[in-house]
Structure formats: structure tokens, C-alpha cells
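This briefing is meant to be read alongside the sequence and the 3D structure.

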Amino acid sequence: MNHTPTPRTHVSTTVRRLLLAASAGTVLLLAGCASEKPALNTTFDFGPAASSAPAARAPIAAVVVGEVTGSAALDSERMYYRLNYSDPLQARAYANSRWSATPLQMVTQRLKSRIAQSGAKVLSVSDASDGVPILRLEIDDFTHNFDSQTQSHGQLVLRASLFQGHKLIDQKTFERKNAATSADAGGGARALAGATDTVAADVIAWIATLPLKKE
């Protein structure tokens with residue numbers, strides 16, 4: 001007698017095929033997740049200092065440039081930005097972008113480079129002799145600020161104090177804003193580098209106006 005397969009046998013075969021297909025799909029999904037790599041950090045700096053000297057020439061032969069000081073936030077490699085159009089009181093950090101050094105270190109080095117290009121010898125505190133002017137610098141703001149979702153600028157606010165013979169000659173605050181070419185960390189880095197170079201030129205021009213004793 002011939003027997004026709006029952007519906008139960010057909011159903012069992014179909015279920016087995018579905019289970020095998022589901023298992024294969026799970027393996028492919030897990031393999032795909034395992035192949036995904038975390039986003040890599042992008043590192044920024046100010047780039048090389050231009051070889052051309054600033055327009056203003058330093059009126060002194062030598063100057064001691066102290067390490068730039070500032071808030072604890074500026075003593076790390078994190079890159080900060082603010083959304084001035086929505087919440088200007090909150091400083092946010094870029095997730096996958098960092099400075100190659102702290103802003104305090106980078107501004108110190110760029111100021112020293114620009115002053116040296118102006119013709120003055122840049123000395124450290126340990127190398128200073130009596131009568132050599134001492135330049136102390138403090139950063140009040142160093143941020144990539146967004147005025148809208150598409151427009152932003154880098155802002156540097158720096159306070160400079162010049163001493164000679166343990167006497168304060170003058171103190172001045174410099175503020176510069178430089179428009180960013182793109183609304184991202186790279187645009188902010190370029191804008192802040194430009195603002196720093198401009199402030200450096202401003203500081204050199206300011207020193208030229210001060211009544212310093214000739215040594």
C-alpha cells in the first residue's frame with residue numbers, strides 16, 4: 001500500500017529549513033558587528049609658524065616669556081566648543097577630536113615663535129638676568145563658538161602683563177575672533193590658530209609702545 005507523506009512531515013521539514021536560515025543570518029550579523037571599528041581620534045595643532053616675521057618689530061633685544069596660564073579645562077588636550085545660539089553657558093567637548101598638546105602649551109609655543117621672529121631673543125625664567133623684561137600671559141577664553149548651525153568662529157582672549165625690574169610696566173587684554181571655514185573641529189582648529197597668530201602680533205605691537213629701560 002502506498003503512503004502519502006502526512007502534513008506533519010512537511011511542516012517539520014519547513015521548520016528545520018527556517019531554523020537553519022535564521023542561524024546563518026545570526027552568524028552573518030555577529031560577524032558584521034565584530035568587523036565594525038570604533039571611530040578614531042583626529043589630532044589637531046596650529047601647524048607650522050609662517051617664516052615671515054610679523055609687521056611689528058620688537059623694540060627690545062631680549063624678553064622672558066613665561067608659560068601661559070589659564071583654567072584647568074585648557075590644561076588638557078580636549079577641544080571645546082559652544083553653541084552660542086542655543087546654550088552659550090555650556091562648554092561641550094568634541095568626541096573624536098583632540099589637540100596634539102594642551103592649549104596652554106600650544107599658545108605658549110606660538111607666542112615664543114612669533115616674538116622670536118620679530119627680532120627679540122626669547123629667554124626662559126632661569127636664563128633671565130636683571131633688567132630683562134618679563135612677559136606673563138593668561139588665557140581667559142579659547143573656544144570654538146557657533147553663532148548658528150553653519151557659522152562659527154575661534155575666539156582667544158588673552159591678558160598680557162609686562163614687568164621690568166620687579167615693576168609692572170603695563171597690562172592689557174587682547175581679544176581676537178577668527179571666522180571658521182567649516183562647522184567642525186577642523187574649522188575650529190584653523191580659526192583658533194589664526195586668532196592666536198593675530199594676538200601674538202598685537203602683543204608685539206603693544207610692547208613697542210611701552211616705556212622700557214634700555215639695558
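A residue is called buried here if its relative accessible area is under 20%, and exposed if that area is over 50%. Helices and strands are numbered from the N terminus, and the model discussed is a predicted one. The protein chain has three helices and eight strands, and from the N terminus on these elements follow the order α-β-β-β-β-α-β-β-β-β-α. Of the 215 residues in the protein chain, 36% are buried.

- Strand 3 has a covered face made up of Met79, Tyr81 and Leu83, while Arg78, Tyr80 and Arg82 belong to its uncovered face.
- With strand 4, strand 3 pairs in the antiparallel sense over four bridges, and these two strands form a hairpin that has three residues between them.
- Within this antiparallel pairing, Leu83, a residue of the covered face of strand 3, stands opposite Asp87 in strand 4.
- With strand 6, strand 3 pairs in the parallel sense over three bridges, and Arg82, from the uncovered face of strand 3, stands opposite Asn145 in strand 6.

**Aromatic contacts**

- How many aromatic pairs does the count come to? The count comes to six aromatic pairs, among them a tilted pair formed by Tyr81 and Tyr94, with 4.5 Å from centre to centre and 40° between the planes.
- Tyr81 lies in strand 3 (residues 78-83) and Tyr94 lies in strand 4 (residues 87-99), so this pair ties together parts that are 13 residues apart in sequence.
- Tyr81 has a relative accessible area of 18% and is therefore buried, the cut-off being under 20%, and Tyr94, at 18% relative accessibility, also counts as buried.
- Trp99 and Phe142 form another tilted aromatic pair, with 5.8 Å from centre to centre and 50° between the planes.
- Why does this second pair tie together parts that are 43 residues apart in sequence? Trp99 lies in strand 4 and Phe142 lies in strand 6 (residues 134-146), so the contact links those separated parts of the chain.
- Both Trp99 and Phe142 are buried, and together with Phe46 they form one aromatic cluster.
- A contact of another kind involves Arg136, which lies over the face of Phe163 at 5.9 Å from the ring centre.

- Which residues are closest to the centre of the largest cavity? Of the 13 residues that line it, Met79, Tyr80, Trp99, Phe142 and Leu192 are the closest to its centre.
- Strand 3, strand 6 and helix 3 (185-207) are the elements that give two or more residues to the lining of the largest cavity.
- Sorted by class, the lining of the largest cavity has nine nonpolar, three polar and one charged residues.

Note on methods: Residues numbered from 1 in each chain as written. Predicted model: local features only at pLDDT ≥ 70, side-chain atom pairs only at ≥ 80, totals over all residues. Heavy atoms only, no water. Phe/Tyr/Trp six-rings, centres within 6.5 Å; stacked < 30°, edge-to-face > 60°. Buried < 20%, exposed > 50% of the residue type's maximum accessible area, 1.4 Å probe, protein only. Lys NZ or Arg CZ within 6 Å of the ring centre and 35° of its normal. 1 Å grid on protein atoms, 1.4 Å probe; cavity = no way out; pocket = protein on both sides within 12 Å on 5 of 7 lines; lining within 4 Å. Nonpolar A, V, L, I, M, F, W, Y, C, P; charged D, E, K, R; others polar. Pairing = 2+ DSSP bridges.
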